[in-house]
Amino acid sequence: MPDNLIPQRRFNLLFLSTPVGAIGSGLGGGVELSIHNTAKAMIHRGHSVEIVAPSGSHLDGFSITQISGNLQIIAQSQERSTPINLPVNSVLANMWEYARQVENKFDLIVNFAYDWLPFYLTPFFSIPIAHIVSMGSLSDALDQTIAQISHKFPHTIGFCTASQAATFPNLNSPLYYLSNGIDLSLYKFCSQPRQQLAWLGRISPEKALEDAVQVAIQTDMQLKIMGKIQDESYWQQICHKYPHAPIEYLGFLSTDKMQEIVRQCAALIMTPRWVEAFGNVAIEALACGVPVISYRRGGPSEIIKDGETGFLVEPDNVYQLVNAVSKLNTINRLNCRQQAEQEFSLDALGTRFESWFQAIFQYSGLL
Ligand code: HBI
């Protein structure tokens, strides 16, 4: 039968969210956007999706199965050798108990949690589990279980980017790089920006906002800061250290309000101190026609086309960030929007996920 006549298999998908915060709280960082956009992309292709998340979650257009319990500590605040831990009445454990009760109604579970338990539980489930690893390597115990599952259940581990996957030891191949995708209709192109800069993300040490504040000072361009203050003391340190910096903190905004600010900026400054798995904020800026200036580290170094849709500079080198700002007039902002349309649309995201899921089913003999 010709390919185009093979009925596309409709998947019943169960998405399990991150246990560090309710969807919509901002605590889940990029995973909130990833879950929303992956669900939209899969539904657009005719599949069905149920999303399971901590109580208090909300996502426009989706009814979420809310699970109560105590939130998981964020992995990036732990040491590499910290033993695996779960709070009493763990929301993570409760989410996976729910999955165990309903698994026979689904074809595939998709795990978005960056935690040991979902990987450990994989062999106890009768349907396949696709794991999206949302950060670089942070914990020896999690590295070990990810490697084990990649060998026991080939094809079931998905990463955002190659540089992120490279931080994990002993992985089985093939590896799957899903990148990410956004609903481009939510982002409006702007050709004439103001002389201001943007910084987006969870305000936490690994995101090194202080470097972007120094760029604002040295370029004398106002820096519009948006995102959840995850580490209050870190934020206070920055405010005390740079009391006269031309910065404005606008809070954790909805996509619509955030893009309204970002689109008017000359550039988005990204200052990842760690190996950023992807960097959703980079593709959101590109979608608005905004060039991205970033350290050549992790996900952004695989997104930005140096000199064409932004600039990549030596990691932790603030001077080179400042120098890149002075070259922004060489970037055609239309190139930025076009890259988003070619690589980061919901359709492009759906294609990547659908072929990954089909590979999982084929390998497990379910297709
Ligand atoms: N920490 N323990 C834990 N579990 C997660 O799922 C998790 C996290 N920290 C951050 C996070 N998820 C997301 O904000 C990033 O993966 C994007």
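Which residue's side chain meets that of Arg273 in a salt bridge? The partner is Glu210, with N and O 3.1 Å apart; a salt bridge here is a side-chain nitrogen of Lys or Arg within 4 Å of a carboxyl oxygen of Asp or Glu. The structure is a predicted model, in which local features need pLDDT of at least 70 and side-chain atom pairs count only at pLDDT 80 or more, while totals for chains, interfaces and linings use all residues. Residues are numbered from 1 along each chain as its sequence is written, and side-chain values use heavy atoms, leaving out hydrogens and water.

Arg273 sits in the loop between strand 11 (267-270) and helix 9 (280-287), whereas Glu210 belongs to helix 6 (residues 209-219), so their pairing ties together parts 63 residues apart in sequence. Helices (H or I, at least four residues) and strands (E, at least two) are DSSP runs, numbered from the N terminus. Glu210 counts as buried at 18% relative accessibility, and Arg273 is partly exposed at 33%; buried means under 20% relative accessible area, exposed over 50%, and partly exposed in between, with a 1.4 Å probe and protein chains only. Arg273 also forms a salt bridge with Asp316, the closest N and O atoms being 2.8 Å apart. This second pair links parts 43 residues apart, with Asp316 in the loop between strand 13 (310-313) and helix 11 (318-325). Glu210, Asp211, Arg273, Arg297 and Asp316 are linked in a network of salt bridges, and the count for the structure comes to 18. Elsewhere, Glu206 pairs with Arg202 at 3.0 Å, and both of these residues are buried.

Turning to the ligand, 19 residues surround it, the closest being Thr18, Gly28, Ala75, Asp115 and Ser134; to be included, a residue needs a heavy atom within 4 Å. The shell divides into 10 nonpolar, seven polar and two charged residues. Oxygen atoms of the ligand lie 2.7 Å from a polar side-chain atom of Thr18 and 2.6 Å from one of Ser134. A ligand nitrogen is 2.7 Å from an N or O atom in the side chain of Asp115. Taken alone, the ligand exposes 390 Å², and the protein buries 95% of that, with areas from the Shrake-Rupley method and a 1.4 Å probe.

Finally, the cysteines: the structure holds zero disulfides, a disulfide being a pair of cysteine sulfur atoms within 2.5 Å. For Cys190, the nearest cysteine sulfur, that of Cys288, is 8.5 Å away. Cys190 is buried, with a relative accessible area of 8%, and Cys160 is likewise buried, at 12%.

Definitions and conventions. A polar contact is a pair of N or O atoms within 3.5 Å; within protein, one must be able to donate a hydrogen and the other to accept it, and residues adjacent in sequence count only if both atoms are side-chain atoms. Ala, Val, Leu, Ile, Met, Phe, Trp, Tyr, Cys and Pro count as nonpolar, Asp, Glu, Lys and Arg as charged, and the others, Gly among them, as polar.
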